[in-house]
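Hello,

I am handing over the structure we talked about, and below it you will find my notes on what turned up. Please have it open while you read, so that you can look up each residue as it comes.

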Amino acid sequence: MDIVSSDDRETVEPFEGAFVTQVVAGERMSVQHFRAEGGLAPEHSHEHEEVGCPLEGTLMIAVDGEEHMVETGEVYRVPSSVPHAIGNAGDEPAVGIMIFSPPRPFHWTASD
C-alpha cells in the first residue's frame, strides 16, 4: 500500500493554462489531478487508455473532428492510441482527475 502526501506531489504546466499533478502511480495505472484555466492541448494520442472526470467546470474533448462537452460529474474515456484534443470549454477553470492505464509518465507534454 502507498500513501502519497500532498507535500510529495509536483505540478507541471504541459501547455499554457493547464496544470497537472501526479497524484499516485501504480504498476497498471496512474491518477493525475488537472486544473485547466484555459487553452487546449493540441491533438495527440498515447498508448494509455484515459478516463477522466471534471469535478468543476466543463471540458471539451475533440475526437475525429467532433467536439464533446464533458460536464461536472460526467466521466469520459478515450481509448488507447485515439487522437484527441482536450481543454477547458468554459469561463471557469475545469478541475478534475484523469486515470491512465498503463501508467502515464508524469513529466509529459501534450504530445506524450
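S81 is partly exposed, because its relative accessible area of 47% falls between the cut-offs of 20% and 50%. In this predicted model, S81 sits in the loop between β8 and β9 (84–88), and its phi is positive, near 70°, although S81 is a residue other than glycine.

D64 also has a positive phi, of about 55°, and is not a glycine. You will find D64 in the loop that links β6 (59–63) with β7 (66–70), where it counts as exposed because its relative accessible area of 74% is over 50%. These angles are worth a look because most residues other than glycine have a negative phi.

The next point concerns a peptide bond, and most peptide bonds are trans. The bond that joins S101 and P102, however, is cis, with omega at about -5°, and P102 belongs to the segment after β10 (94–101).

Finally, please turn to Y76, which is part of strand β8 (residues 76–78). Y76 is buried, because its relative accessible area of 6% is under 20%. Leaving aside residues up to four places away in sequence, Y76 touches several others, among them C53, L59, I61, V70, I86 and M98. E50 is also one of the residues that Y76 touches, and the side chains of Y76 and E50 make a polar contact at 2.7 Å. G52, too, is touched by Y76; although Y76 and G52 are 24 residues apart along the chain, their C-alpha atoms are separated by 5.4 Å.

Best wishes

Notes:
Residues numbered from 1 in each chain as written. Predicted model: local features only at pLDDT ≥ 70, side-chain atom pairs only at ≥ 80, totals over all residues. Heavy atoms only, no water. Helix = DSSP H or I, 4+ residues; strand = E, 2+ residues; numbered from the N terminus. Buried < 20%, exposed > 50% of the residue type's maximum accessible area, 1.4 Å probe, protein only. Contact = heavy atoms within 4.5 Å. Polar contact = N/O pair within 3.5 Å; in protein donor to acceptor, adjacent residues only side chain to side chain.
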